[in-house]
Amino acid sequence: MKALRNYLDKIKPNFEEGGKLAMLRSVFEGMETFLYVPNETSKSGVHIHDSIDAKRTMTAVIIALVPALLFGMYNTGYQHYLAIGTNPGFWMTFVYGFLAVLPVVAVSYIVGLGIEFTVAQWKKEEIQEGFLVSGILIPLIVPVDTPLWMIAVATAFAVIFAKEVFGGTGYNIFNVALVTRAFLFFAYPSAMSGDRVFVRTGTTFGIGEGTIVDGFSGATPLGQVTVASGDPLGSFQMVDALGHPLTTWDLFLGLIPGSIGETSVLAILLGAAVLLFTGVASWKTMLSVFAGGAFTAAIFNLIGTTVAMSLSPVDHLLLGGFAFGAVFMATDPVTSARTETGKYIFGFLIGVMAIVIRTLNPGYPEGMMLAILLMNIFAPLIDYYVLESNIKRRLKRAVTK
Amino acid sequence: MANVIKIKKGLDIHLKGKASEVLLTAKKSDSYAIVPDSYNGIVPKVSVRTGDKVKAGSVLMTDKNRPEIKFVSPVSGEVTAVNRGEKRKVLSIVVKPDASIEYEAFGKKDPSALTPEETKETLLNAGMWPFIRQRPYERVASPADTPRDIFISTLYSAPLAPDFGFIVQNQEADFQAGLDALAGLTPGKVFVGVKKGSAQKWSGVEIVEVEGPHPAGNVSVLINHTKPINKGETVWTIYPDDVIIIGRLFTKGIADFSRLVVLTGSETTERGYIRAIAGCTIRSLVEGKLLEGKEHLRIISGNVLTGKQVSKDDYLYAYDNQITVIPEGDQTHEFFGWATPGTGKFSLSHTFLTWLLGKNKEYVLDARIRGGKRAMIMSNEYDKVFPLDIYPEFLLKAILAFDIEKMENLGIYEIAPEDFALCEFVDTSKIEIQKIVSDGLNLLYKEMN
């Protein structure tokens with residue numbers, strides 16, 4: 001390690017202001033701080049610092065996303081082989097999914113980090129870590145058969161217009177990954193919905209050839225709910241890709257069609273455990289989202305005039321991107337409410353909005369994305385009112401004494 | 001005891017190098033100095049010249065804007081230098097001490113028999129006034145004001161801080177005399193915060209027991225939980241060690257600035273209390289007591305959270321009763337620090353496995369900031385270590401934007417930079433919070449006066 005350190009020290013002058021490679025200074029600094037914790041010491045204020053930094057925080061989130069990512073890869077393969085009616089064994093299934101998902105991850109990182117690096121160099125700042133998380137969130141919330149060029153365009157749009165124009169990580173109003181998803185949904189609606197996009201039926205790098213079996217349908221359970229919106233109550237039954245009925249347990253495990261990382265509530269809860277254990281995400285937000293969702297679903301149950309309304313609260317929380325959004329998106333500290341009281345309100349309203357959109361909007365089966373983006377707008381307002389109450393308390397104190 | 005404050009928010013950082021309750025011997029300092037930068041809110045006007053003979057208690061400089069505030073020599077001897085920096089800013093006034101100290105005589109007085117004006121006069125003449133600081137703005141108090149109340153916290157809760165119970169031993173009468181003098185200055189009360197369960201009994205004051213992790217000992221906590229400051233009110237604060245010195249002025253009639261300074265930190269060989277006089281050289285305190293040669297050291301006048309970095313040739317800052325020595329850490333290059341499990345690294349968050357080792361493990365922390373500077377990302381970090389009814393993050397943003405109305409509304413008059421020290425310590429984004437707050441307070445003062 002000594003040799004590496006010496007080498008870095010040797011080439012460092014080239015990247016300083018006026019050096020030959022000054023145009024790559026941010027990249028060099030990024031690499032250097034990636035390899036070594038900076039040895040910069042404090043100049044003012046406190047003399048000692050907590051060991052945590054932005055890199056460590058982001059690392060914790062990425063670790064939390066690993067279960068959902070791995071499960072998503074396996075499920076991609078699983079759905080594919082279900083569609084062509086063969087069972088190649090666990091490893092083959094995983095390899096297929098791995099190869100199908102990897103390009104999506106790669107495109108998202110290359111486009112996003114490329115823009116981050118460029119902007120950092122342009123603004124003469126350090127490279128910020130924010131996109132390390134966004135870059136892995138994006139593949140997890142898109143359907144597997146989304147064309148790669150669309151992902152590239154959407155990622156570029158989100159990073160530039162949802163983040164960099166506001167000033168970079170820490171200044172953005174909207175969750176970057178969700179903006180990517182929203183851009184895909186509204187810019188390419190035909191490619192983003194329908195039965196086929198959630199299950200890859202074709203081959204991946206030549207693997208997994210086969211013909212689709214009869215009766216196959218790649219519709220997600222929520223998609224089926226939308227299709228069945230006019231059906232009489234009681235006749236609706238959620239089914240898997242081959243038409244077998246789905247139990248609550250199936251929905252929890254997540255071997256069902258859906259966006260890559262959002263189907264398995266089990267894997268998401270593992271991630272949630274990591275986030276809460278390390279204290280990186282707020283349990284207040286997470287809990288409130290689930291509470292808000294369950295509360296709203298229960299109310300719709302009481303009305304219960306359509307299939308969507310009569311879906312039980314448990315099903316609502318397990319289906320679609322609800323759990324994924326609650327655990328990984330709503331808890332994004334930058335775009336969520338920043339006061340502790342505000343987090344309860346923010347989370348609860350996300351849960352409410354998600355179920356309302358799902359239930360009352362026949363055109364769009366997935367409400368979580370829009371609910372979180374909507375509440376991102378309202379987060380500062382929520383904080384404003386929480387602060388107002390503190391201010392009022394202070395003024396009242398002055399008057400009474 | 002009716003008054004008990006119990007706080008939960010906060011953080012005790014257990015550092016290696018705690019001092020034991022022993023007295024250490026130290027070299028005699030070969031020079032003493034007053035450093036105008038020690039005091040916030042004054043403009044120094046030097047009143048001596050090089051070569052002048054002074055006694056302990058003779059005026060060395062005054063405040064240009066409030067000439068009644070005098071700063072006196074802590075020892076008798078000869079003025080050897082008036083050091084100036086850029087724009088002729090006064091850096092220090094140095095006095096070479098005589099073999100034995102000659103004191104200016106101020107006369108013994110009974111503090112409870114004096115009128116407030118007489119007490120003020122006595123304190124001003126003997127150079128004790130700068131010990132008294134005011135809230136809002138955390139600066140040297142103005143003699144023209146009448147404070148609503150006076151607050152003193154005798155609980156030192158910062159990392160490795162001295163124990164006031166030990167310091168006050170055998171000086172109880174002086175401390176009480178100091179309290180009596182202060183009590184005469186306010187129509188309100190003198191609040192004294194004491195460590196929960198301590199046997200300190202003082203008369204004529206309101207005793208408040210304080211319990212909890214740092215910053216429990218910060219005087220802001222005492223104020224906020226007893227009688228918070230509202231807009232337009234002024235309160236005064238003073239460190240208890242300085243109350244003893246004030247007390248001595250009344251009981252002995254001299255300006256005796258000697259005090260106990262605690263030497264702490266992982267890079268010291270001997271740890272304990274040293275009897276020293278304010279303004280002595282750092283060298284006289286630490287010479288022969290440091291682990292030298294191994295790596296660069298950082299000597300801090302004060303504690304690791306609010307102290308100032310000094311070199312051996314600098315002087316002990318006016319209010320400080322602690323020297324902390326930690327490794328500088330600039331020679332350390334930690335490989336893949338963000339990815340390792342992190343045994344041996346201290347963090348409030350649970351992203352490092354050290355939190356499994358329990359709360360009482362002692363750590364050696366160096367001065368590295370341990371990460372790159374970022375925009376504010378995480379929320380609720382500051383709240384966890386900020387036990388006042390104030391939203392630190394939003395107040396900080398108001399200060400950065402210099403939105404005066406918002407700062408007032410969010411409670412800027414109640415805080416001092418030291419209250420944000422722990423926020424700065426735990427901050428993921430490594431923002432220099434205390435500097436922002438202190439600049440903000442000074443700018444606000446200029447704007448309002």
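Predicted model: local features only at pLDDT ≥ 70, side-chain atom pairs only at ≥ 80, totals over all residues.
Biologist: How many residues of chain B are in contact with chain A?

Modeller: The size of an interface is often given as the accessible area lost when the parts come together. Here the contact is described by residues: 62 residues of chain B are in contact with 50 residues of chain A.

Biologist: Which elements give two or more residues to the side of chain B that touches chain A?

Modeller: They are strand 18 (297–301), strand 21 (334–335), helix 7 (392–401), helix 9 (421–426) and helix 10 (433–448) of chain B. Helix 9 of chain B supplies the largest share, four residues. By class, this side of chain B holds 26 nonpolar, 21 polar and 15 charged residues.

Biologist: Which strand of chain A is joined to strand 21 of chain B, and do the two run parallel or antiparallel?

Modeller: Strand 1 (residues 36–37) of chain A is joined to strand 21 of chain B by two bridges, and the strands run antiparallel. Within this pairing, A:Tyr36 stands opposite B:Phe335.

Biologist: Which domains does the assignment give for chain B?

Modeller: Chain B is assigned domain 1 (4–12 + 31–252), domain 2 (259–327) and domain 3 (369–448). The C-alpha centres of domains 1 and 2 of chain B lie 21 Å apart, and their contact takes 22 residues from domain 1 and 22 residues from domain 2.

Biologist: What forms the side of domain 1 of chain B that touches domain 2 of chain B?

Modeller: Strand 3 (32–34), helix 2 (164–167) and helix 5 (240–252) of chain B each give two or more residues to that side. Its residues divide into 17 nonpolar, three polar and two charged.

Notes:
Residues numbered from 1 in each chain as written. Chains lettered and ligands numbered in written order. Contact = placed C-beta atoms within 7 Å. Nonpolar A, V, L, I, M, F, W, Y, C, P; charged D, E, K, R; others polar. Pairing = 2+ DSSP bridges. Domains from an automatic or database assignment.
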